[in-house]
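Reader: Hi! Could you walk me through this one?

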Amino acid sequence: MKYNIFVLSGGKSIEHEISLKSATAIINAIDRDKYDIYPVFINHDGVWNILDKCDKKIEKPEDLAIESNDTVASSMANFLEKVNSVKNPIVFPALHGQNGEDGTIQGFLEMLNIPYIGCGVLASSIAMDKVVARDLFSHHGLPQTKYTWCTKSEWLDNPKEIIDRIENKITYPMYVKPANAGSSVGISKVDTSEDLPGAIDIASNYDTKIIIEKEVIGREMNVAVIGNDKPLASVVGEFIQERPFLDYNAKYIEGKIVQVVPAKLDEETTEKVRDLSIDVYNVLNCTGLARVDIFVDDNNHIYINEANTMPGFTDLSMTPVLWAETDGTTYTELVERLIQFGLDRYNKRQEIVNKR
């Protein structure tokens, strides 16, 4: 019997358009002999719209963006009604950033007892919050750059105290970021004390918590990790870039980056990066997939940057490209592996005794 797979796209996140691109590629790759596919578009206001069963390929991401006049509550009720009307439902939340990659949608699906692809509530929420993730890495002794943080309210109440706290902990240059955001949104490089207040103001537009990190002079490596109890690390990849810091425009609009797979690292450093990626995956309690980003400096010292629990997922994105290089896994095969990881995780959780 076929599974009915609901692919969520869009969302309230600033990464809305990236999600549409990921969802389009995923929908087009799913084996229609094994699955009936129902695209679900979530608009910027959080209204859900279930499209008809998708028998043909999606021509362009914008084709998913079908609006409705429902309220958020009634649209979610329609989704529940549809899910309950089919057998063997499973959800692929192709959502990036807040309200998609931060544990909220995962918690919703857990409450409904619906299987889904990707990391669970805990891993998603921790990885999304860079402060909590770094605190956890620190507890486990994993290598990372120096960091500190503050809340938006602390900054507004006593900016001088916050500046002093930052400068006592970290030397320039540094990066100021929203603690809960992705795709390089709201991030500023700060070289002098004069630039720090403005950078904090920018970051605070995107979150109520701001993290400040010491700059690492080096190259950023990417490793795609997949699996549940026995995760596997891909080969290491990196980007050749035209500017020191890749903001949102450079990544997604201007095309200022070129993938290098495998990365130009010696064998020993390569294995250290892959091993550290597995450590990050396990410490965060990830399942399904994550892309781990790691800095390597000129002396081959390695530092964790972050983990993305639902990374960009077009057929040209780093995660599928890395797995194609690792073992020849095609994009369609990778999507199928992730679906099976989701079902395996769900089935094992159903074995847990919840009553006496």
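This is a predicted model: local features need pLDDT of at least 70, side-chain atom pairs count only at pLDDT 80 or more; totals for chains, interfaces and linings use all residues.

Reader: Thanks! Is strand β1 mostly covered or mostly open, and how many of its residues are buried?

Author: Mostly covered: seven of the eight residues in β1 (residues 3-10) are buried, meaning under 20% relative accessible area with a 1.4 Å probe, protein chains only. Strands here are DSSP runs of E with at least two residues, helices H or I runs with at least four, numbered from the N terminus.

Reader: Which way do β1 and β2 run, and how many bridges join them?

Author: They run parallel, with eight bridges between β1 and β2 (residues 35-42); strands pair if DSSP finds at least two bridges between them. L8 has V40 in β2 as its bridge partner.

Reader: And β4, how many bridges there?

Author: Five, again parallel, to β4 (residues 89-93). There I5 stands opposite I90.

Reader: New topic: at what angle do α4 and α5 pack?

Author: About 100°, with the axes of α4 (residues 121-128) and α5 (residues 130-139) 5 Å apart. Axes are lines fitted to C-alpha atoms, for helices over the stretch in contact, and angles run from 0 to 180 degrees between N-to-C directions. So α4 is roughly perpendicular to α5, a label for 65 to 115 degrees.

Reader: Which residues meet?

Author: I126, A127 and M128 in α4 meet K130, V132, A133 and L136 in α5, with contact meaning heavy atoms within 4.5 Å.

Technical notes:
Residues are numbered from 1 along each chain as its sequence is written. Side-chain values use heavy atoms; hydrogens and water are left out. Angles under 35 degrees count as roughly parallel, over 145 as roughly antiparallel, 65 to 115 as roughly perpendicular and the rest as oblique. Buried means under 20% relative accessible area, exposed over 50%, partly exposed in between (1.4 Å probe, protein chains only).
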